[in-house]
Amino acid sequence: KLQFLYLIAAEGNGSGVGDRHAAMMRRVAASARRAYSTAVPHNLKSEVAPGAANPERKKVKIFNRAAKLAQRNRFAQVPREECKLHAHIAEIVMERLSYVQREFPVVIELGCGRGHLTEAYLKSNPRGLKKYIQCDFSQAMLDDSFERTCKALPKGVQLEQYRIDEDGSLPFDRKSADLCVSMLSLHWVNDIESTFRQVRNVLKRDGVLFASVFGGRTLSELQSCFTVAEQERDGGVSPHINPFLTGPSMADLLQNSGYNFPTVDIDRFNFRWETGFHLMEYLRMIGESNALLGRRPYVSKDTLLATAAVYEHLWAEENGQVPSTFEVVHGVGWSPHPSHAESSARGSGQSLSLKEIAEALGEDLITEEDSGREITEEVRRERLEEILRKQGVNVEQLRTLTEKMEKRIHEGDSSKELEDEILDLRQSIQGSYEKSWHSNVQRSLPSAERSERLKSERVILDRERLQENMKNDAKRTEDIVEQMKRHMKLSSTPVPDSALPKK
């Protein structure tokens, strides 16, 4: 526009404009050029050193928080019975929170909304709860949920409400909360990693963050229909659906924010509607409309009609209804604590591959018949178990002991009984290994060299040890025979009560 004004002013009467208007346009163009030259510097070279953080760098913004505030204020006026989606997800979140068997005296909820999660949590009779803090971007949301929250509040529990923007700074003291929960609110935050870091600072040591947001496959049907309709009607595509988080991205955010044991769970379910318009109306009603900064200010009626028609054509079921997918990603992270187990340094572990174990037993996991085929890890494991069974190893006992050992290590407990079981199994595996090694060396060496080679490498078991094992086996056999004889005698003749051992 500035260039166009300047060109008209420069032409003067030649462009058909009067002298008075040309002079006025010259002054407007000159002032516009001065403003343009001062606003846009010609030297764009940065003065910040390479690799240094720029303190004046602005955060990347994706969402219009003012538009989202207006949508949430409108959502506060909707009858609460219409919020079936939030009620359903609140039940799912409470089910997962019930797995954490701990007391949380101070609980913070970011983005409480209409209070579905608050009411469900307070009705579950949480142990040790002393203070519950509700936070939301919309004051209308806080006012709407205040009365219901007070009715569900147990005796002796304090309720606090704060109107804060989750995209900004949190006004809480460090190490002041035990649990922070959020349901269907943080997916509209521009810098969610910064929010996670602030929550970690607010949580006490060993505190828990539980965040539930919409996942990447949410409204995938509607997004594809908008794409097809806009390409056909408008010749281009504009964003209509929020770029939601995925499971791996949630895990990365938790880990990068400094949480221990990041855990991600995903729920996916479908809702059905009469037409695509009913879905779009419901999204607008619950405050989940488009709030992207790059969205179109106006969508034509033809584009909306085309979207609904494509939705019905591609996704309609036999009863005429159309489905919509909602995916919820649950992220759980723990604030660091000295009692948390730390991972060992890379390369410090000592492990054996399945191939090395099989080679030590004189067998091959992969045969000539497997040439040209891909052998999976499961097939290798099954073959190794079969080899161990042939060597006399109790594979089921080995698997059970492994599970016990992992459980004891996780609980930080060590039992003498478990150590004895592991020692017995180790001795049986060692005996099978020596027996297999002895037979393999015997098969591989010539008869002339066999005796000297085996003696030099101490492969054959010592004669004394072998005789001792034979004596033990004979004694064990005699005991079994005596028990069988005693059992036969007791079963054939009645025994008086005086002969039975006393308790």
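How many residues of strand β1 (residues 106-110) are buried? The answer is 5 of its 5, so the strand is mostly covered. Buried means under 20% relative accessible area, with a 1.4 Å probe and protein chains only. Strands are DSSP E runs of at least two residues and helices are H or I runs of at least four, numbered from the N terminus.

This is a predicted model: local features need pLDDT of at least 70, side-chain atom pairs count only at pLDDT 80 or more, and totals for chains, interfaces and linings use all residues. Residues are numbered from 1 along each chain as its sequence is written, and side-chain values use heavy atoms, without hydrogens and water.

**View 1. The two sides of β1.** Val 106, Ile 108 and Leu 110 point one way. Val 107 and Glu 109 point the other way.

**View 2. β1 and its partners.** Strands pair if DSSP finds at least two bridges between them. β1 pairs in the parallel sense with β2 (residues 131-136) over 5 bridges. Here Glu 109 stands opposite Gln 134. The chain crosses from β1 to β2 through helix α5 (residues 116-123), in a right-handed β-α-β crossover. Right-handed means clockwise from the first strand over the helix to the second, with the strands pointing away from the viewer. β1 also runs parallel to β4 (residues 177-183), joined by 4 bridges. Val 181 in β4 is the bridge partner of Glu 109.

**View 3. The lining of the second largest cavity.** A cavity is a set of points on a 1 Å grid over the protein atoms alone where a 1.4 Å probe fits but cannot get out; lining residues have an atom within 4 Å of a point. Lining residues here include Arg 65, Lys 68 and Trp 188.

How values were computed. 1 Å grid on protein atoms, 1.4 Å probe; cavity = no way out; pocket = protein on both sides within 12 Å on 5 of 7 lines; lining within 4 Å. Buried < 20%, exposed > 50% of the residue type's maximum accessible area, 1.4 Å probe, protein only.
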